[in-house]
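User: I'd like to learn how to read a predicted model like this one. Can you walk me through it, starting with the ligand?

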Amino acid sequence: MKSFLPLNVRIDNKKILFIGGGKIALHKIKTVAQYTRNISIVSPEIQDELHQMGFTEIFKEYETSDLEGFFLVYACTNNIEVNRRIKNDAAEYGIMVNVVDNRELSDFISPAVIKQDEMTIAVSSNGENVKKSVEWRNKLKALVQRGYFLTRRSEPEKRGFVSIIGAGPGDPELLTIKAERVLREADVILYDDLVSSELVDRFDARKIYTGKRKDHHHYEQEAINEEIVRHALQGEKVARLKGGDPFIFGRGGEEIEALRQHGIRYEIIPGITAAHGASAYTEIPLTMRKISSSVAFCTGHPVNKIQVPDADTLVYYMVASAVHDVLDAVAAKGRDEHTMVAIVQNATRYNQKIITGTLGELRKSEQAVSSPALLILGENINQFISDNWYSKKKKVLILGEDLVGYAPDEYIKVYYPCIQSEETDHHTLEQAGAVDLNFIDEIYVSSLACIRNFRELYKDIPKKIIIKTANNYIDDEYRRLFSV
Ligand code: SAH
């Protein structure tokens with residue numbers, strides 16, 4: 001019987017060689033790369049995704065002398081004869097080899113691992129039942145992600161801490177520097193519907209989506225409060241990320257109450273509220289000398305309680321299904337029929353859309369408005385609105401990385417979430433499936449994996465969109481996938 005001893009082998013300053021650059025190598029390298037960057041790959045062809053990881057790459061067929069100077073070798077070719085040769089050559093050099101999926105030929109085998117900070121959990125069946133190892137690992141991983149192994153720390157200075165953070169209205173760059181730091185340092189991020197996956201994807205913390213689900217199961221506010229408290233009591237740094245500003249129609253107040261009840265320390269980091277985002281990105285000043293000297297933020301929900309304050313500029317949140325109710329309430333208050341109204345949908349995002357008209361006109365017409373949208377009303381709505389600075393930019397959908405360096409003053413970059421693993425949360429999946437190509441002017445493709453993934457969700461691309469690819473290889477694949 002073969003036996004394998006579990007070890008942690010020291011690898012700093014040691015070089016590791018992978019022979020083969022396909023899917024199998026990619027899978028192994030992803031694990032090894034969590035521990036070292038000292039990785040070289042020998043293979044005539046290298047997977048696109050591997051290529052982007054930036055390891056030393058030697059494009060050639062394997063030869064014995066390639067082994068020189070390496071500490072460990074992974075034979076990942078799909079040719080058993082080559083793998084066997086590598087094994088024999090390595091034995092001569094005295095180098096330990098892992099021959100992928102071949103316990104008989106391997107000097108060492110790789111356990112299924114979970115790595116978090118300094119902790120590693122490695123699951124092994126001595127190479128006898130890989131499927132079972134992976135199953136166990138996935139079960140354990142789910143537990144780790146739910147915080148099961150976190151020790152409750154008793155010292156007061158190590159108690160959990162909650163930051164209630166405003167994420168801004170959509171454009172990921174509208175995040176404060178403070179929020180950015182806190183999100184970088186967080187153990188766990190609990191985020192809402194209105195927060196874009198592009199923003200959340202920038203941070204490494206565990207992510208828990210607390211918004212509306214596809215199956216229409218809502219997280220009730222109560223359940224969210226409990227979730228925040230639970231993580232904090234485990235001693236974690238919790239980032240509670242909410243759209244816009246937490247204290248404008250954000251229920252931040254209720255979350256704080258729960259934290260107070262449990263004696264949990266917290267801070268509140270303001271965000272740019274949708275009204276400010278919409279105002280800037282549509283060129284509607286909310287106040288203006290001689291024209292508007294007061295502004296009120298109101299809600300269109302619930303419709304039977306719509307308030308119409310006596311302010312020059314009115315901004316209504318949550319109007320997607322209440323436009324007429326809001327307009328009727330305003331008219332009933334005696335506002336002039338000629339007062340200008342702008343409905344701003346998806347403010348600060350690539351798919352920002354503006355509907356304008358007078359109070360009288362919009363009351364008479366049917367408008368399809370989808371959430372999130374807000375309504376601004378007042379004399380400050382000016383002639384720049386349909387020709388604003390933001391709408392002039394071209395929108396480029398990036399599949400992969402922006403290797404071109406699209407200039408931000410000319411382009412709005414939309415990053416397509418290239419889903420690569422089964423662990424991707426459904427929120428990201430939903431956002432991947434919801435890119436509105438009608439708004440897109442150009443698509444730039446720099447990743448094979450990404451264009452393939454994109455093709456699964458989008459069967460064809462509107463003709464008016466310009467397609468650019470990073471190289472011929474990707475171009476061929478694009479043409480093959482979309483039959484053009
Ligand atoms: N706390 C948030 C508001 C949450 S209530 C803030 O400060 O912005 C949700 C409402 O916010 C939506 O119904 C919509 O009216 C508004 N909203 C949020 N993001 C928006 C966006 N990008 N564009 C237009 N309206 C938005």
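User: How do the residues of the shell around the ligand divide into nonpolar, polar and charged?

Analyst: The general idea is to sort the residues by class. Here the shell holds 14 nonpolar, 9 polar and 3 charged residues. Do keep in mind that this is a predicted model.

User: Which residues are the closest to the ligand?

Analyst: Of the 26 residues that surround the ligand, G244, T273, A274, A347 and P372 are the closest. Two elements each give two or more residues to that shell: helix 9, spanning 274-282, and strand 17, spanning 373-377. Helix 9 has the largest share, with 3 residues.

User: Which domains does the shell draw at least three residues from?

Analyst: Domain 2 (156-272) and domain 3 (275-380) each supply at least three.

User: Let's move on to helix packing. At what angle do the axes of helix 13 and helix 14 cross?

Analyst: The thing to look at is the angle between the two N-to-C directions, where anything under 35 degrees counts as roughly parallel. Helix 13 (residues 448-457) and helix 14 (residues 472-482) have axes that cross at roughly 10 degrees and come within 10 Å. So these two helices are roughly parallel to each other. On the helix 13 side, the contact is made by L448, I451, R452 and R455. Helix 14 brings I474, E477, Y478, L481 and F482. Sorted by class, that contact has 6 nonpolar and 3 charged residues, with no polar ones.

User: Now a single residue. Is A75 buried or exposed?

Analyst: Count the neighbours: 20 or more other C-beta atoms within 10 Å makes a residue buried. A75 has 28, so A75 is buried. It sits in strand 4, residues 72-75.

User: What is A75 in contact with, leaving aside neighbours within four places in sequence?

Analyst: Its partners are I19, N83, I86, K87, V97, V99 and V100.

Conventions
Residues are numbered from 1 along each chain as its sequence is written. This is a predicted model: local features need pLDDT of at least 70, side-chain atom pairs count only at pLDDT 80 or more; totals for chains, interfaces and linings use all residues. A residue is near a molecule or strand if its C-beta atom, placed from the backbone, lies within 6 Å of it. Helices (H or I, at least four residues) and strands (E, at least two) are DSSP runs, numbered from the N terminus. Ala, Val, Leu, Ile, Met, Phe, Trp, Tyr, Cys and Pro count as nonpolar, Asp, Glu, Lys and Arg as charged, and the others, Gly among them, as polar. Domain bounds come from an automatic or database domain assignment. Axes are lines fitted to C-alpha atoms, for helices over the stretch in contact, and angles run from 0 to 180 degrees between N-to-C directions. Angles under 35 degrees count as roughly parallel, over 145 as roughly antiparallel, 65 to 115 as roughly perpendicular and the rest as oblique. Two residues are in contact if their C-beta atoms, placed from the backbone, lie within 7 Å. A residue is buried if 20 or more other C-beta atoms lie within 10 Å of its own, exposed if 12 or fewer, and partly exposed in between; C-beta atoms are placed from the backbone.
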